[in-house]
Amino acid sequence: MAFQTSCAAAGGINCPPDIVADGEGRELVQHGSALFPIACYAEDVKSYSVAWHWHEEFEFILAVKGPLTVDVNKTQLVLRTGQGVFINSGVLHAVEQAESGNALLHSGVFHPRLVGGMDTIFWQKRIRPLLQPGAPAFFLLDSGTAWQREALACLQDAWQAVADEPPDYENEARYRLTTVLRLLGAQCEEGGVKVSQQEQIAAERMKQMLRFVEEHYAEELTVERIAACVALSESACLRSFRQLLGITPIQYVKQFRVEKAAELLRSTRLRTGEIGAECGFADGSYFIKTFRELKHCTPKEYRQRFEAQ
């Protein structure tokens with residue numbers, strides 16, 4: 001699975017390659033380096049979206065200019081300017097393209113071992129509380145609450161350190177992120193919202209269904225086929241998608257196909273009809289109509305927009 005960002009590189013800010021995921025939707029791109037596993041991004045959400053995926057790293061998203069929409073598991077979050085969200089490891093999430101305005105976000109993706117490996121006290125005290133069964137999938141952050149305001153400030157400072165790369169910025173970023181994990185871990189200990197075992201099972205089953213779609217998106221797909229891959233009834237499959245992702249299985253298929261088409265429009269010179277057929281759209285007119293619905297422009301206009309950048 002691959003989606004192009006629209007950020008402008010500056011200092012240590014990354015313009016990452018397309019998001020590449022395995023068959024289960026787990027992102028495979030390495031963020032940062034083995035020695036310093038964090039990458040920070042700046043995105044104009046007017047021309048940017050990321051379909052459902054997950055990764056082992058933690059991720060934070062800060063609304064520099066809102067509103068912007070982030071979907072996490074079965075919750076749709078609308079972040080206003082100054083708000084943010086911290087997404088836990090292994091959690092399904094997506095970022096929606098803004099239909100109007102110029103929503104801007106700063107995001108960071110970092111591996112837990114940046115703060116401390118499994119054989120350190122940092123892992124035991126700062127990371128383990130967030131990775132335990134039942135820990136919250138995400139933390140919505142707003143400056144109206146003292147501890148959340150502190151977390152937002154630390155996340156922005158960490159992002160800025162990675163972006164600007166001043167002397168000793170690695171330790172500065174690590175220190176700020178450690179503070180954030182301390183604040184979040186305290187919420188887990190104080191009985192924050194927990195995720196039930198049933199919800200965890202549902203999320204794992206959803207990952208399997210996403211994997212099936214991503215392996216067979218070019219073929220004819222029905223709710224029956226998607227449900228069968230995890231031995232669910234069609235009604236249970238529909239209910240699962242609506243509860244966790246807020247859309248139907250077929251809507252997800254359409255979104256995934258359009259994102260694959262957008263990737264090919266950016267990276268190849270294939271004709272529009274060829275791209276539509278390769279991405280599972282048997283009818284060229286339907287491909288253009290669906291693409292326009294989701295991207296608010298035709299495939300041709302989309303390609304021209306990225307060629308002009």
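**A friendly note on the helix packing and a few residues**

1. In helix 4, Ala202, Ala203, Met206, Met209 and Leu210 meet Cys237, Ser240, Phe241 and Leu244 of helix 6. Contact here means heavy atoms within 4.5 Å. Sorted by class, this contact of helix 4 with helix 6 has eight nonpolar residues, one polar and no charged ones. For the classes, Ala, Val, Leu, Ile, Met, Phe, Trp, Tyr, Cys and Pro count as nonpolar, Asp, Glu, Lys and Arg as charged, and the others, Gly among them, as polar.

2. A word on what you are looking at: this is a predicted model, in which local features need pLDDT of at least 70, side-chain atom pairs count only at pLDDT 80 or more, and totals for chains, interfaces and linings use all residues. Residues are numbered from 1 along each chain as its sequence is written, and side-chain values use heavy atoms, with hydrogens and water left out.

3. Now for the whole chain. How many helices and strands does the chain have? There are 10 helices and nine strands; helices (H or I, at least four residues) and strands (E, at least two) are DSSP runs, numbered from the N terminus. Of the 309 residues in the chain, 51% are buried. Buried means under 20% relative accessible area, exposed means over 50%, and partly exposed lies in between (1.4 Å probe, protein chains only). Among contacts in the chain with a separation of 6 or more, 68% come from residues 24 or more positions apart. The accessible surface of the chain comes to about 14300 Å², and 49% of that belongs to carbon and sulfur atoms; such areas come from the Shrake-Rupley method with a 1.4 Å probe, and for residues only the protein chains shown count as cover.

4. The axes of helix 4 and helix 6 come within 11 Å and cross at roughly 105°. Axes are lines fitted to C-alpha atoms, for helices over the stretch in contact, and angles run from 0 to 180 degrees between N-to-C directions. Helix 4 and helix 6 are therefore roughly perpendicular to each other. The cut-offs are these: angles under 35 degrees count as roughly parallel, over 145 as roughly antiparallel, 65 to 115 as roughly perpendicular, and the rest as oblique. Glu199 also sits in helix 4 and is partly exposed, at a relative accessible area of 30%. Its C-alpha atom is 9.2 Å from that of Leu244, although Glu199 and Leu244 are 45 residues apart along the chain.

5. Helix 4 (residues 197-216) has another partner, helix 7 (residues 249-267): the two pack at an angle of about 50°, with their axes 10 Å apart. Helix 4 and helix 7 are therefore oblique to each other. The crossing of helix 4 past helix 7 is right-handed; a crossing is right-handed if the near helix is turned clockwise from the far one by less than a right angle, and left-handed if anticlockwise. Which residues meet here? Leu210, Val213 and Glu214 of helix 4 meet Tyr252, Val253 and Phe256 of helix 7. Five residues of this contact are nonpolar, none is polar and one is charged.

6. Helix 7 in turn packs with helix 10 (residues 299-307), where the axes come within 9 Å and cross at roughly 50°. That makes helix 7 oblique to helix 10. Ala262, Leu264, Leu265 and Arg266 of helix 7 meet Pro299, Tyr302, Arg303 and Phe306 of helix 10. This contact of helix 7 with helix 10 has six nonpolar residues, no polar ones and two charged.

7. Let us turn to a strand. Ile87 lies in strand 6 (residues 84-87). Is Ile87 buried or exposed? At 0% relative accessibility, Ile87 counts as buried. Not counting residues up to four places away in sequence, Ile87 touches Phe58, Glu59, Ile61, Val70, Val72, His93, Ala137 and Phe138. Ile61 is 26 residues from Ile87 in sequence, and their C-alpha atoms are 8.2 Å apart.

8. Finally, some backbone details to look up. A cis peptide bond, with omega about 0°, joins Gly66 and Pro67, and Pro67 is in the loop between strand 3 (58-65) and strand 4 (68-72). Asp168 is not a glycine, yet has a positive phi of about 60°; Asp168 lies in the loop between helix 2 (146-164) and helix 3 (169-189). Ala231, also not a glycine, has a positive phi of about 55° and counts as exposed at 71% relative accessibility.
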